[in-house]
Each structure stands twice: as structure tokens, then as C-alpha cells.
Amino acid sequence: VLMGLEGVAGQAEWLGRSLLSHGRVIPAAEMIAKLDAVTLDDVRAVGRCMLGTAPALAAVGPRAGKLAA
């Protein structure tokens with residue numbers, strides 16, 4: 001997180017993303033505190049949620065060997 005703020009481009013990206021996502025600038029210390037608060041159980045819960053259902057697939061265009069009718 002902090003290394004990304006070393007350059008001007010990184011700072012601008014942080015400010016822009018923060019404003020668009022949260023409507024305010026999130027200080028780096030606040031973001032680090034939130035990241036530090038994530039527990040192993042939190043990560044497991046997200047993994048179960050994301051991997052617990054069948055994947056969905058969407059495609060645009062003709063299928064291989066088949067032309068659109």
C-alpha cells in the first residue's frame with residue numbers, strides 16, 4: 001500500500017479510487033488498519049462464498065466450428 005504512494009501517479013490513483021469508491025479520501029493509516037483487521041476466518045468466508053457455487057460462463061461470438069445462424 002505505502003510503496004504505491006511513493007510516486008505522483010500512485011498518489012493520484014489512490015486519491016481518485018478513494019473518492020470514487022468511498023466519496024472521501026481514505027488516509028493510508030486507516031486503510032492499513034482495516035487490512036490488519038482482516039482475520040483468517042474473514043478470508044475463509046470470502047473463499048467459501050466465491051468458490052461455493054458453480055462458475056458461470058458467458059461468451060460473445062460464434063462457437064468454434066459453428067457459425068451463427
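I'll start with confidence, then go through some residues and a helix.

So, this is a predicted model, where local features need pLDDT of at least 70, side-chain atom pairs count only at pLDDT 80 or more, and totals for chains, interfaces and linings use all residues. Residues are numbered from 1 along each chain as its sequence is written, and side-chain values use heavy atoms, with hydrogens and water left out.

pLDDT is the predictor's confidence in each residue, from 0 to 100. The protein averages 87, and 93% of the residues score at least 70. Among the elements, H1 has the lowest mean, 91, while helix H3 has the highest, 94. Helices here are DSSP runs of H or I, at least four residues, numbered from the N terminus.

Now, Ser18. That residue sits in helix H1, and with 4% relative accessibility Ser18 counts as buried (under 20% relative accessible area; exposed is over 50%, partly exposed in between, with a 1.4 Å probe and protein chains only). What does Ser18 touch, leaving aside its neighbours within four places in sequence? Gly23, Arg24, Val25 and Ile26, with contact meaning heavy atoms within 4.5 Å.

Next up, Pro27, in the loop between helix H1 (8-22) and helix H2 (28-36). Its relative accessibility is 41%, so Pro27 is partly exposed. Gly4 is 23 residues away along the chain, and the two C-alpha atoms are 13 Å apart.

Last one: H3, residues 40-51.

Conventions. Helix = DSSP H or I, 4+ residues; strand = E, 2+ residues; numbered from the N terminus.
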